[in-house]
Amino acid sequence: MSAPAATFRAARRIDWLAMAALVVVALLAVFALMPGVVAPYDPIALDVVNRLKPPSPAHPFGTDEAGRDIFSRVIYGTRYSMGVALAIVAFAAVFGTLYGVVSGMAPRWLDNLMMRIVDMVFGFPALVLALAISAAIGRGLDSVTLALSLMWWPGFARLVRGEVLRLKTEPHVETARALGLGPVTIMWRHIVPFVMSAVNVRATTDIGYALVAVTALSFLGLGATSPTPEWGLLIRDSRPYFGSAWWYLVFPGGIVMLTATACSLLGDALDARKGA
Amino acid sequence: MLEVENLTVSFSGRDGRAVAVDGISFSVAAGETFVIIGESGSGKSLTGMAIAGLAPEGARVGGAIRFDGQDVVGLPDARMRRVRGRQIGIVYQDPLGALNPVHTVGDQIAEALRVHGLARGREAMARAVSLLERVRIPDPARVARSYPHQISGGMRQRAVIAMAVACNPKLLIADEPTTALDVTIKAQVLDLLRDLKAELSLTTLLITHDMGVVAEVADRILVMYAGTVVEVGPAASLMDRPAHPYTSVLLASAMMAEAPPQTALTVVPGGTPPLGAMPEGCRFHPRCPRATARCRAEVPVLRGVGGGQAACHHPLVETPEDAL
């Protein structure tokens, strides 16, 4: 960080990658918001004559065992997979931030109690909770959203609490206290604005991780149900055809990987900007 | 106006209790500029923070601090908040960090007025601008609309002072207000503090380690060492004829700065003793050129010496008893 030239070069390299990541995310947003415009076929219309056809100009990602166009299914799937990932991270970021701010501002005994609760949630296996919730309210994307939301917020809570503890001793916060401001005003005006950049970085990166978690649960059969074109479910359905129809696995899997990578790169770029 | 009686600030840690301020007493008269001087670790800043009710988390404050007749030690924070900012203004050392970078300068000054219910909305902003004018900031309306990073360090310290005096407090506590500033700006800020004191009839408690600052503004001086008062008295007599060897060494080292470079440096050997390992007897004896067996065994108490009081068995100035 001491050599400005090195920092500059690093910033430029990250910018280039970040631009690519931004393009990917923008495309995904288009897919999610208006899949009908991009997708050439109905994602659930059957065409049994053309089952398991390899990629061709008519079907760029090939077709599945029911003759459905995999390209169209991947595009329609964006809304489900990314929507759920976004919902999980949005809930986790909002709830985790509030929890972390309260914990960081609270008296020591309450802070300790709140952080032990965070430790407990951290220690609880996500898969077991997902299984339990699936069993209770039924298999589906709703139970995946619920299970992962409940598991996801402690990361934000810890991050924000740490930032709050650091910020509490910043000179401008001391000055605010010296002016006689109350804890609530200090929290909203003098602490929370400085926590948000760290939260944004974490949230951006976490969307990718949440996506992987969502598709993993669907792959295991705890998430989306047929014929929803959710990405994890596509991968699950492709299993019997691994040997004969490679495209069925590779394209949905590839898009999950590409999306997760893009989110991670965007998060890194935001982090670099925050430090600069 | 302000009476501090047997003030202690201590921290309890794993290795027992550490006493950072050990039973100090003093009083500040209305309208006076009272200076607490000492090295880092002498407890001077903690003393100031304790008066404002801002001792750090985990610190235990004992003794009594009467501000305008009311004991503020142990006052619940909700009540102390009405005193802080309103009747006691505080200026800290670091003008860069003291302002919140995401709000405008004017908004932050207005915030001080709003929280104490003195002005709202547009009126608060107008008063913020006139406060900036009062601390001699050129083009105050523009500065009020600026963010802290858009103005210079000296202006920021002025803005911080404007915040501290926004509610027209009776007491201004300034903790190393000039340490982070360069020499010319330092002089300007000191002039400003002196002028404001007259204009607003402020009582000032200035905390510093810089004898140069003291000479400019002090009416009375209190010298702290290792959490205790070693000497207190009127500025003129204390600086002319210090009674405590520590005060004299402090003065000598301040003179050095102005002395020709050939002069040999006088240094005070050693440093402030750590909280857990206070020497027996006089706390200054390991570093004191005049120390005797008595200093190693017996704790000296404050007594009348010269024009003020000093806690020393062998003062540099005659005591009234010695004169008899």
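Helices (H or I, at least four residues) and strands (E, at least two) are DSSP runs, numbered from the N terminus. This is a predicted model, in which local features need pLDDT of at least 70 and side-chain atom pairs count only at pLDDT 80 or more, while totals for chains, interfaces and linings use all residues. Residues are numbered from 1 along each chain as its sequence is written, and chains are lettered from A and ligands numbered from 1 in the order in which they are written.

**Annotated spans of chain A**

- The unreviewed UniProt entry gives "transmembrane region" for residues 80-101, 113-137, 207-225 and 245-267 of chain A; UniProt positions are in the numbering used here, feature names are shortened, and annotations may be inferred rather than shown by experiment.
- Residues 207-225 of chain A are 68% helix and 0% strand, with end C-alpha atoms 22 Å apart, whereas residues 245-267 of chain A are 96% helix and 0% strand, with end C-alpha atoms 35 Å apart.
- UniProt also places "domain: ABC transmembrane type-1" (unreviewed entry) at residues 78-267 of chain A, and over this span the chain is 84% helix and 0% strand.

- The axes of helix α3 (residues 70-105) of chain A and α4(A) come within 7 Å and cross at roughly 145°; axes are lines fitted to C-alpha atoms, for helices over the stretch in contact, and angles run from 0 to 180 degrees between N-to-C directions.
- Tyr99(A), Ser103(A) and Gly104(A) in α3(A) meet Asp111(A), Met114(A) and Met115(A) in α4(A), contact being counted if C-beta atoms, placed from the backbone, lie within 7 Å.

**The eight-stranded sheet of chain B**

- Eight strands of chain B form an open sheet with mixed pairing, in the order β6-β7-β8-β3-β9-β10-β12-β11; two strands pair if DSSP finds at least two bridges between them.
- The edge strands are β6 (88-91) and β11 (303-305) of chain B, each of which pairs on one side only.
- Four bridges join β6(B) and β7(B) in the parallel sense, and Ile88(B) stands opposite Leu171(B) in β7(B).
- Both faces of β6(B) are covered, with Ile88(B) and Ile90(B) buried on one side and Gly89(B) and Val91(B) buried on the other.
- Strand β3 (residues 33-37) and strand β9 (residues 220-225) of chain B also pair in the parallel sense over four bridges, and Val35(B) stands opposite Ile221(B) in β9(B).

**The four-stranded sheet of chain B**

- Four strands of chain B form an open, antiparallel sheet in the order β2-β1-β4-β5.
- β2 (16-28) and β5 (70-71) of chain B stand at the edges with a single partner strand each, so one side of each is left without a neighbour in the sheet.
- Strand β1 (residues 2-13) of chain B is joined to β2(B) by ten bridges, and Ser10(B) stands opposite Val19(B) in β2(B).

**Contact between the chains**

- The contact takes 21 residues from chain B and 15 residues from chain A.
- On the side of chain B that touches chain A, the elements giving two or more residues are α2 (77-83), α3 (95-98), α4 (105-115) and α7 of chain B.

Definitions and conventions. Contact = placed C-beta atoms within 7 Å. Buried ≥ 20, exposed ≤ 12 C-beta atoms within 10 Å, placed from the backbone.
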